[in-house]
Amino acid sequence: MKKKAFSPWVILGIVLVTLFAVLCVLPLIYMVAVSFTDSETLYIKLKDLRPSLYNYWYAIVKRDFGTALKNSIITVVGSCLLVDAASAMAAYGFEKKPVPGKEALFQGYLATMMIPGQVVLIPMFVMINRAGLTNTYAALILPMVGAFGIFLMRQFMVAVPNELLEAAEIDGCGELRRFVTIVIPLVQPALITLTIFTFNAAWNNFLWPLIINTRSEMRVLPVTMSTLASNSTTNYGMVMAGATLTFLFPFILYIFLQKQFVEGIALGGVKG
Amino acid sequence: MSTVPSVKRKMSPRTRRQALIGAGYIAPSFILMMIFNVTPIFLSAYFSFTKYNMASPPVWIGLDNYARLFTNRVLTEALNNTVWYVLITVPAQTVLSLLIAVFIAEHMKNRYGSFMRSVIFIPVIVSLIASATVWNIMYQPKGGIINQFLNFLGFESVNFLGKKANALPSVAAVAIWKGTGYYMVIYYAGVMNVPSDVREAAIVDGASSIQRFWYITLPILKPITYMIVTLGIIGSFQVFDLVYKMTGGGPGRSTYTVAYVIYTFAFQDKNYGYASAVAICLLIVILLIHTVQSLFFKEKD
Amino acid sequence: MKRILATLLACALLLSCMSFAAAEDKKTLTVWIPQYQFGDGISDQDFWDGVFDPFEEENNCEVKVEILSWTDYNTTIYTGLLNNDGPDVVYVTDNYDLVKAGLLLGLDSYLTQEQMDNYLLWALGPVNANGEHVIVPMDDGVAMGFYNKDILAAAGIDTFPEDWDAFIEACKTIQEKTGKQSFLQNWGATSGTSALMLAFWPYYFQAGGVMLDADGNIAINNEAGLKTLEFLKKFADEGIFDETIVSEGESIDKFAAGELAFVVADLNKGKTFTKNEINWEYFFSLKGPVGYGARTATDSFGVSAKAKERGNDELAVKALVLITSGAVMDRFHSEVFYLPPFTKDAAYTQNEAYTALTGAHTADIYVVSEFEGKASFEKELQANIQMMFMGDLTPQEVLDNTMQYYAEQIKQ
């Protein structure tokens, strides 16, 4: 074994990586720091910092962040449940059932993954509007189902042993029960991955909610955030409090589910 | 093609039942995908041949919208900016994430290294709108934290978003800040997939780390690099949120991008037909990128 | 993981129950008004909520007032009015496209003759295809100029330099002699409408420009347009404009801090300037090749055509009448933002200086016309002017490019 490499180059590398990591979080630390000041200038001195939640109180109560937070949570939870259920079911159907023409359909699904959001934006606006679904959670949740989730789930469905399903069927286990009690637990890691992807997409979605849910009681966090920022250009403390609120939920989730986050993306990336 | 015989073959009652059940499983997502992914494409294609302001019914005008694509100065500028934006972000985030991932995998396989990975990933979870808002405040020409720092070092203040030469790179920097962690994670997983005996063999052969990186790691990571570059190009081609929130396309039109002009043409100029034509062209460009990439990929494999 | 999912699910259910519980079969009216309070007075939201409290009780309904951002305001209301579930009563800036698309309700059959007569500018408002008036126009007033007498004195200037060339010379002198900034307008802004309102149209009028041609189409590709742009270009070339200024508020703050010699602002700001012990004076406008010129616009209030489908039309018009009543507007003008009255029953104290200045210049006040795709036109014009400041376009190219884009992209 060679000597553990602590050459100057490696040390330089470690310093550079550390520096980059610091650059990654510095804006966020700054964001939180400014959210605790009530100064309208950007020259923040330590004495301006105070452990006051005034900016947060103001953003939540006076600037609709409470409503937006509620809407975002409902949208995200709804999206995750729908996407997980629909994708797992479809993947199961595609992989384990002898549906005629399924491979061609699957290829068609994969092709839709390349469609840029801007292409479908206008017709979707027209359709949702005609259907009278503007300013509803459905308008935000239903379009979240896409080929990516089905594709991801199918990768895992392959690993579900057919023998297990057949044995269960012989034991008199019904179709739906087999799916819920055998298949779902086996693909659980993939479901967690998909949940994380869907969470990220639904939480950060901006342009679609901006144009489709125009009423203030139906706005989601990024839209309220954007309005707040353009309405109060100089009240930096409050704007940063809003940004912090937007960031807080994914961040807490990230802390608890860090491994799944990272593995999920690696998996989705490497396989996709 | 392989599915055709199975359709024609007489199905046993059991198989038919299973097929029906399978169709039942596929149906919910199928219906939603038909409504929200497939129908809009055809509608978009239809709108692209019309004059449509959403308040009155679309009027068929044939290829008029497409004919006007090539003479539109605003669109040309947007395309130009988008290409520059892609040329700044994609190489930067690819190289950065690759170097960091490989370095951490080689030299920092300890708790500190995994902590660094976690930290570098954090910007990924910040929403684009929040990122744009925070960076906007940091970029402020007077008193923004970055300029405070520059002044502290004795430099002049820089007008990041208000000067033509700076605006696009400043927006791109935020995208790089936000994207590097994501690709780093994918690269890291790829490096970890490199069979350890391959690397150990190289170490025994006395290859230096640079040689190992160049002759072993990089070739093995090639498929991942292709994927990351493609994802990066497609993602950057559609940049909207950052531009909308940070510069509104300005100053002048120096940060107009393709996605931003589609929004402008449609929702501001109320020219939904023309915007659809641009969107359809965007779809074609993205399909082309994909095709070229997969051809390239197959050739190299 | 299961536990987390279960908790999230429970939260979602709870929250959705809460939101359903709030829904009753009371009528709900949605009102959209842009932000007007930029200072530290009562917030727009609080002001309007207060106005509608008795209204809600009286009519057994709920009124939701939403304060919107000026950024892309026109796009927001167009999309909102198309939306089946959009606002009932709206504040309208550029009305042409909304009227043409039939998005606003004809008001004639809902209002009494007496009510219509009460609106000073009623006749100026546009009509729909049936010849019915669709908006209640209001008088936006004229934005005044302010100058800091101390800064002018320090630069050795004793009279206000109202001629274009003299003004630029004065700006240069002030910057050389005092080291302070002379004149700032929000040319760095990304939203075209707000910047052009104060920083382009007045100069265009001073150069003798007329907005619409004989057919009612926008036409600025003329000598006045060229002169205006050449004048504006000087501000950039001489280092007078500051491209970092993106909102009116910033230049006003500078003036209030005694760091700026000239500023254009709403009249109420005089109080702030006095409080800050600025030795200031009003000016009406600069004097261009043709004469003085200030702009006014007719923003307005209207009711969504879809309010009728929702059965909200009667109530919405009632709310509109309340908003535009003299009593409410008097309070709005004194508590939130100063504007001239626009109903006959308004009874409030006029600002003397304003009355004197506008009275002396009645012929120099021009109304910014309405035309198709105005907001888009202004955004495009502003982007091109910014490019001129950056040295990418000549004044003539700004005019050519803007008009070409307008003809190809915007005019339908």
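Okay, β3 and β10 of chain C: residues 89-92 and residues 300-303 run antiparallel, joined by four bridges. (Helices, H or I with at least four residues, and strands, E with at least two, are DSSP runs numbered from the N terminus.) V92(C) stands opposite S300(C) in β10(C). Quick housekeeping: this is a predicted model, where local features need pLDDT of at least 70, side-chain atom pairs count only at pLDDT 80 or more, and totals for chains, interfaces and linings use all residues. Residues are numbered from 1 along each chain as its sequence is written, with chains lettered from A and ligands numbered from 1 in the order in which they are written.

Zooming out, that pair sits in an open, mixed sheet of five strands in chain C, ordered β2-β1-β3-β10-β4; strands pair if DSSP finds at least two bridges between them. β2 (61-68) and β4 (135-137) of chain C are at the edges with a single partner strand each, so one side of each has no neighbour in the sheet.

Now, what packs on the sheet? Helix α2 of chain C, residues 44-59, touching β1 (27-34) and β2 of chain C. Its direction makes about 165° with that of β2(C). (Contact means C-beta atoms, placed from the backbone, within 7 Å; axes are lines fitted to C-alpha atoms, for helices over the stretch in contact, with angles from 0 to 180 degrees between N-to-C directions.)

Technical notes. Two residues are in contact if their C-beta atoms, placed from the backbone, lie within 7 Å.
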